[in-house]
Amino acid sequence: MDFDFQPYIIGETLVVRPLKADDFDGLYLAASDPLVWAGHPAKDRHEKEVFRPYFDMLLATEATVVVLEKSTGKVIGCSRYYEAPTSDQDISIGYTFLERACWGGTVNAELKSLMMGHVFKFRPEVWFHIDPTNIRSQKATAKLGAVNMGEEELDLGTGAARWMCFRLTSSDWEEKETT
């Protein structure tokens, strides 16, 4: 596949770059708030001993990006690109979390805009797979203009589970950006 799964992207207020082993402390600080994981199936991921294997998995994928505040260099979260489980030609964005101070504003929209802009250089659409109980992520993804294409039983690397499948095409994204 010709897709770069760990780009270095500079936005207006964010820097997105490949995750490195020495990002653990900064990323754990962003992840250590229990409310970050409250709507997520892994509700105990704020505990260091639970977060460590998750971080190691993210690092091993060589497809995870860390999100930094451009002005301070502070780690505020991460996200990941991965091949869509239904087609090795499609790209997905997921495994995203941001520290709570970044919720409700423009950070997630800027992050996803940067990441989707990267995908759309290579592919005409991007996929998001969201746990059916994660209402916050469903709402945030819908705000981007992504359409719920239904639910499927998928294995995203941690065993088969039910996922809501959202798709956003580059033309729908462009249309949304101009309106």
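Is glutamate 125 buried or exposed? Glutamate 125 is buried, with a relative accessible area of 16%; here buried means under 20% relative accessible area, exposed means over 50%, and partly exposed lies in between (1.4 Å probe, protein chains only). You are looking at a predicted model, where local features need pLDDT of at least 70, side-chain atom pairs count only at pLDDT 80 or more, and totals for chains, interfaces and linings use all residues. Residues are numbered from 1 along each chain as its sequence is written, and side-chain values use heavy atoms, leaving out hydrogens and water.

**Counting salt bridges**
- A salt bridge is a side-chain nitrogen of Lys or Arg within 4 Å of a carboxyl oxygen of Asp or Glu.
- This rule gives a count of seven salt bridges.

- Arginine 52 and aspartate 56 form a salt bridge, with their closest N and O atoms 3.3 Å apart.
- Both sit in helix 2 (residues 48-61), four residues apart, or about one turn of the helix. Helices (H or I, at least four residues) and strands (E, at least two) are DSSP runs, numbered from the N terminus.
- Aspartate 56 is partly exposed at 36%, and arginine 52 is partly exposed at 36%.

- Lysine 74 meets glutamate 99 in a salt bridge at 3.1 Å, N to O.
- These two are 25 residues apart, and each lies in a loop.
- Lysine 74 is partly exposed at 36%, whereas glutamate 99 is buried at 11%.
- Arginine 167 forms a salt bridge with glutamate 125, the closest N and O atoms being 4.0 Å apart.
- Arginine 167 is partly exposed, at 29% relative accessibility.
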